[in-house]
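Here is a quick briefing on a protein model, written for someone new to reading structures. Have the sequence and the 3D view open, and click along as you go.

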Amino acid sequence: QISYLFTGGLTLPSDYTYSGFAREGFFQLLFVSILNLALVLLSLELFRNSKALKILLTFISGCTYIMMISSACRMYLYIEAYGLTRLRVLVLAALLAIAVILGGMIWNIYKKEFPLFRFSIAVITVVYVLLSLSHMDALIAKYNIAQRGLDITYENSYLMTLSADAAGVYADAAAENVERTELADEMLQDYFEKIRGYEDLGVRKFNLSRYLGVQAAERYEALTAEE
């Protein structure tokens, strides 16, 4: 991992695809993190507390951080090549949660009374809440359009599967005359027709995201009518 990070120039190894390289890195990290957690907790429980033991366990945890940085770099290469998706955002969130929990585990090595389990639950809860409030689909659409515009083909039509959260981003992109293909126009028409279906949901089924999506659909239709 150190060789790849510091002397490999972040280039893709031979016989690897971006997806295979990123997937392997994440599952390696997940396995090592679970193994490391078990090792640290068992060592603290079964062996006499000593300075040498703390140094050894800290070193092992530090090696896990190197794995984590490597996994994040692999995911960066993958996203640079193919853009963001919901699954890739979830992987980044998982990396963040693991990094913070690992920091708590290192603290637990030196402060045995540290409530590691409650800390871990709190970290996972906070990350989950932040994801829930982040308007993930809007972020995905904004990033991918900034990277590639609206050059949508059947092969990369993932953007058109996003929820109403992304509607405002598409309307703004159209208003800014972001370059788009004829196929992209057709797919956007289909997307906004689906969003229009949320107009008459009534008070009981009111959803703010869908309401804003309908407003974005009206803006998009007004822009296309002018064109």
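Let's start with the largest pocket, which has 22 lining residues, with A97, I98, I101, S120 and I124 lying nearest its centre. A pocket here is found on a 1 Å grid over the protein atoms alone: it is an open set of points where a 1.4 Å probe fits, with protein on both sides within 12 Å along at least five of seven lines, and lining residues have an atom within 4 Å of a point. Keep in mind that this is a predicted model, where local features need pLDDT of at least 70 and side-chain atom pairs count only at pLDDT 80 or more, while totals for chains, interfaces and linings use all residues. Residues are numbered from 1 along each chain as its sequence is written, and side-chain values use heavy atoms, with hydrogens and water left out.

**More on the pocket**

- The largest pocket holds about 480 Å³ of space, where volume means the space filled by probe spheres set on the grid points, which are joined across faces, edges and corners.
- Helices α2 (18–46), α4 (86–110) and α5 (116–133) each give at least two residues to the lining of the largest pocket.
- What kinds of residues make up the lining, by class? There are 19 nonpolar, three polar and no charged ones (Ala, Val, Leu, Ile, Met, Phe, Trp, Tyr, Cys and Pro count as nonpolar, Asp, Glu, Lys and Arg as charged, and the others, Gly among them, as polar).

**The overall picture**

- The protein has nine helices and zero strands (helices are DSSP runs of H or I with at least four residues, strands are runs of E with at least two, and numbering goes from the N terminus).
- Of the 227 residues in the protein, 37% count as buried (buried means under 20% relative accessible area, exposed means over 50%, and partly exposed is in between, using a 1.4 Å probe and protein chains only).
- Take the contacts in the protein with a separation of 6 or more: 73% of them are between residues 24 or more positions apart (a contact means heavy atoms within 4.5 Å).

**Rings that pair up**

- The model has six aromatic pairs by this rule: rings of Phe, Tyr and Trp (its six-membered ring) pair if their centres lie within 6.5 Å, and planes under 30 degrees apart count as stacked, over 60 as edge-to-face and the rest as tilted.
- One of these pairs is Y170 with Y191, an edge-to-face pair at 5.1 Å centre to centre and 85 degrees between the planes.
- That pair links distant parts of the chain, with Y170 in helix α7 (residues 167–175) and Y191 in helix α8 (residues 182–196), 21 residues apart.
- Are Y170 and Y191 buried or exposed? Both Y170 and Y191 are buried.
- Why does the pair F192 and Y220 count as stacked? Their ring centres are 4.6 Å apart and their planes are at 20 degrees, so the pair is stacked.
- This pair also links distant parts of the chain: F192 is in helix α8 and Y220 is in helix α9 (residues 208–226), 28 residues apart.
- F192 and Y220 are both buried.
- Put together, Y170, Y191, F192 and Y220 form one aromatic cluster.

**Charges over rings**

- R88 has its charged end over the ring of Y78, 4.3 Å from the ring centre (a charge sits over a ring if NZ of Lys or CZ of Arg is within 6 Å of the ring centre and within 35 degrees of the ring normal).
- R210 has its charged end over the ring of Y198, 4.3 Å from that ring's centre.

- I145 sits in helix α6 (residues 136–148) and is buried, with a relative accessible area of 11%.
- Leaving aside neighbours within four places in sequence, I145 is in contact with L150, L159, V169, Y170, A173 and V178.
- S61 is in helix α3 (residues 51–82) and is buried at a relative accessible area of 0%.
- Beyond neighbours within four places in sequence, the contacts of S61 are N36, V40, L102, M105, I106 and I109.
- S33, in helix α2, is buried too, with a relative accessible area of 14%.
- H135 lies in the loop between α5 and α6, and has a positive phi of about 50 degrees although it is not a glycine.
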